[in-house]
Amino acid sequence: MTIRLPSADGTLRTYEPRTEPLVVSPGTPFTSRTVFSAAHVVADPYADVSPDSPAAVDWDATLAFRRHLWSHGLGVAEAMDTAQRGMGLDWAGAAELIRRSAAEAKAVGGRIACGVGTDQITGGSLVDIKAAYEEQLAVVEESGAQAILMASRALAAAASGPEDYLEIYGHLLRQSAEPVILHWLGPMFDPALAGYWGSDDLDAATDTFLEVIAAHPDKVDGIKVSLLDARREVDLRRRLPGGVRCYTGDDFHYPELIAGDDRGFSHALLGIFDPLGPLAAEAVRVLDTGDVQGFRTLLDPTVGLSRHLFQAPTRFYKTGVVLLAWLAGHQSHFTMVGGLQSARSLPHLARAYELADALGLFPDPKLAEERMKTLLSLYGVNQ
């Protein structure tokens with residue numbers, strides 16, 4: 001059987017889907033790396049909403065997907081960018097997601113860390129920003145989850161320089177009950193975060209970031225770096241205080257960064273580990289045995305898919321992630337909160353299917369093929 005897929009130049013090409021999936025079974029907990037998957041949310045396709053309405057979430061399907069990730073030993077990074085935080089999922093929806101997912105994590109023994117931001121406000125003074133962060137930090141800590149202090153659009157707009165970042169983050173770290181993860185999200189993921197840490201000069205911004213950590217090393221479990229710059233991440237992790245982890249958020253270079261070198265390695269908190277969950281887990285277990293080459297053999301071939309999903313404009317990578325979840329049978333529809341299923345072109349989606357199928361990511365390749373043909377038919381591509 002074959003499927004006709006549209007190319008970027010407007011022509012159709014013939015692709016022969018694989019017939020067998022890559023079979024990966026749940027295994028033992030990881031020993032060498034701490035690994036989180038930033039998980040997507042499943043929209044309620046029957047909700048009568050518009051693109052600017054509050055998110056309508058299918059809670060059963062959303063929590064089932066998290067159980068899938070936990071079953072393979074992955075931690076869940078909740079209410080993050082991958083969950084369309086600030087792109088369809090507002091703070092009220094994120095707060096409910098945090099509470100529900102944290103309760104589910106307790107029930108199944110899964111690891112969870114949750115995003116703390118300021119998206120209940122659109123702007124304001126530093127006092128307002130501090131209060132917004134505090135409100136969200138309280139929700140996460142009361143849920144029993146680890147906190148991830150996310151970059152704030154409001155702070156990026158209001159800060160006059162590095163000293164404001166030092167003040168806000170220092171305050172939050174002093175009052176946090178447990179060590180947190182600090183998240184540096186680059187403007188390729190969110191243009192409103194340009195100049196974060198008080199400078200467009202990444203060297204100067206890095207110095208401020210490290211100053212925050214150095215002042216409170218006992219309150220920082222680790223940092224998540226999403227700048228898509230492997231060299232900068234390696235340089236940064238080598239400058240971290242002892243005991244502070246570097247969680248790579250680099251969806252372009254993650255195999256080499258997780259594998260590391262003779263001076264260290266990165267742990268992982270990645271959006272690409274949403275569709276790659278079982279395969280990524282298997283690769284890390286191979287790495288746990290000391291087999292770096294085996295780890296790279298499994299994970300390196302996935303980079304092509306990741307680079308495709310995260311191509312510019314990078315912030316729309318969630319569309320491909322949700323497409324693959326639908327094709328893999330983790331949800332019954334291809335609908336996203338905020339209507340973001342329309343954010344990528346049909347040729348982009350077709351290529352995502354092709355790359356994922358070649359990797360064996362679909363538990364039922366025939367189901368994935370049938371669903372892809374259904375999507376294609378809606379666009380007028382007949383088989």
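## Cavities, pockets and aromatic contacts in a predicted model

A search of the whole structure finds one cavity of 30 Å³ or more. The model is predicted: local features need pLDDT of at least 70, side-chain atom pairs count only at pLDDT 80 or more, and totals for chains, interfaces and linings use all residues. Residues are numbered from 1 along each chain as its sequence is written, and side-chain values use heavy atoms, with hydrogens and water left out.

### Empty space

Rolling a probe the size of a water molecule over the atoms shows where empty space is left. On a 1 Å grid over the protein atoms alone, a cavity is a set of points where a 1.4 Å probe fits but cannot get out, while a pocket is an open set with protein on both sides within 12 Å along at least five of seven lines; lining residues have an atom within 4 Å of a point. Points are joined across faces, edges and corners, and a volume is the space filled by probe spheres set on them.

The volume of the largest cavity is about 80 Å³. It is lined by 16 residues, of which Asp 81, Thr 82, Lys 224, Gly 271 and Tyr 317 are the closest to its centre. Strands β7 (180-185), β8 (220-226) and β10 (267-270) are the elements that give two or more residues to this lining; helices (H or I, at least four residues) and strands (E, at least two) are DSSP runs, numbered from the N terminus.

The largest pocket has a volume of about 430 Å³. Of its 23 lining residues, Arg 85, Gly 86, Asp 119, Arg 153 and Asp 190 are the closest to the centre. Two or more residues of this lining come from each of α4 (153-158) and β7.

The second largest pocket has a volume of about 320 Å³. Its lining has 22 residues, and those closest to the centre are His 68, Pro 278, Leu 361, Phe 362 and Pro 363. Here α1 (59-71), α9 (277-288) and α12 (317-327) are the elements that give two or more residues.

The table gives the linings by class. Ala, Val, Leu, Ile, Met, Phe, Trp, Tyr, Cys and Pro count as nonpolar, Asp, Glu, Lys and Arg as charged, and the others, Gly among them, as polar.

| Lining | Nonpolar | Polar | Charged |
|---|---|---|---|
| Largest cavity | eight residues | five residues | three residues |

### Aromatic contacts

A pair of aromatic rings is described by the distance of the centres and the angle of the planes. The whole structure holds 16 aromatic pairs (rings of Phe, Tyr and Trp, the last by its six-membered ring, with centres within 6.5 Å; planes under 30 degrees apart count as stacked, over 60 as edge-to-face and the rest as tilted). Trp 184 and Phe 209 form an edge-to-face pair, at 5.3 Å centre to centre and 65° between the planes. This pair links distant parts of the chain, with Trp 184 in strand β7 and Phe 209 in helix α6 (residues 202-215), 25 residues apart.

Trp 184 is buried at a relative accessible area of 3%, and Phe 209 is buried at 0% (buried means under 20% relative accessible area, exposed over 50%, partly exposed in between; 1.4 Å probe, protein chains only). Both residues belong to one aromatic cluster, formed by Tyr 133, Tyr 165, Tyr 169, Trp 184, Tyr 196, Trp 197 and Phe 209.

Elsewhere, Arg 33 lies over the face of Phe 265, at 3.5 Å from the ring centre (the criterion is NZ of Lys or CZ of Arg within 6 Å of the ring centre and within 35 degrees of the ring normal).

### A buried polar contact

Glu 78 lies in strand β4 (residues 75-78) and is buried, with 0% relative accessibility. The side chains of Glu 78 and Ser 101 are joined by a polar contact of 2.6 Å (a pair of N or O atoms within 3.5 Å; within protein, one must be able to donate a hydrogen and the other to accept it, and residues adjacent in sequence count only if both atoms are side-chain atoms).

### Backbone exceptions

Most residues other than glycine have a negative phi, and most peptide bonds are trans. Gln 84, not a glycine, has a positive phi of about 65°. Gln 84 is placed in the loop between β4 and α2 (91-108) and is buried at 1% relative accessible area. Trp 197 also has a positive phi, near 70°. Trp 197 lies in the loop between β7 and α6 and counts as buried at 0% relative accessibility.

The peptide bond between Ala 312 and Pro 313 is cis, with omega about -5°. Pro 313 sits in the loop between α11 (303-309) and α12 and is partly exposed, at 35% relative accessibility.
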